[in-house]
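Here is a short briefing to read alongside your model. Take a moment to look over the sequence and the fold before going on.

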Amino acid sequence: MRIILGSYVTAINRCYGRTGSLFTQNTHSKPLEQSDQHYPQLCFYYIHHNPLRAKLVSQPEDGPYSSLPDYLGIRRGTFCNQTLARQLLDLPSDPHQLAQEARTQLDPEITDKLF
């Protein structure tokens, strides 16, 4: 992530003739493959629920820039490789089951401690 963000900052700075950092906070990362087996799934659900937590949408699938509507079968997007994500994260293939799992896995008391 550091390399990606560094490249992004460099490109923006060149484009706009500026210098310095674009971000005020340090970015942290945690390798998913070294975490417990459910952490990658929790990250998937957590990321898709961020617009809801920020009160930008009334339902997680309402975010216009979210891939969640694609995973839930509401929209037919091709931005994400859903087959690979479902395989790597062991996500349900049934959209209704995925939606139910998202609701049960994102207990605020659990996710607030993890993230």
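The second largest pocket holds about 220 Å³ of space. A total of 14 residues line this pocket, and the closest to its centre are G63, P64, Y65, S66 and S67. Please keep in mind that this is a predicted model.

**More on the pocket lining**

**Overall fold**
- The protein has six helices and zero strands.
- Following the chain along its sequence, you will read the pattern α-α-α-α-α-α.
- Take the contacts between residues at least 6 apart in sequence: 35% of them join residues at least 24 apart.

**Surface and burial**
- The protein has 115 residues, and 31% of them count as buried.

- Y8, L22 and F23 make a nonpolar surface patch of about 270 Å².
- To place one of these residues in the fold, look at helix 1 (residues 2-16), where Y8 is found.
- Why does Y8 count as partly exposed? Its relative accessibility is 44%, and partly exposed covers the range between buried, under 20%, and exposed, over 50%.

Note on methods
Residues numbered from 1 in each chain as written. Predicted model: local features only at pLDDT ≥ 70, side-chain atom pairs only at ≥ 80, totals over all residues. Heavy atoms only, no water. Patch = residues over 30% accessible without salt bridge, like charges linked within 9 Å, V, L, I, M, F, W, Y side chains within 5 Å. Areas by Shrake-Rupley, 256 points an atom, 1.4 Å probe, with all protein chains shown as cover. Salt bridge = Lys/Arg side-chain N within 4 Å of Asp/Glu carboxyl O. Helix = DSSP H or I, 4+ residues; strand = E, 2+ residues; numbered from the N terminus. Buried < 20%, exposed > 50% of the residue type's maximum accessible area, 1.4 Å probe, protein only. Contact = heavy atoms within 4.5 Å. 1 Å grid on protein atoms, 1.4 Å probe; cavity = no way out; pocket = protein on both sides within 12 Å on 5 of 7 lines; lining within 4 Å. Points joined across faces, edges and corners; volume = space filled by probe spheres on them.
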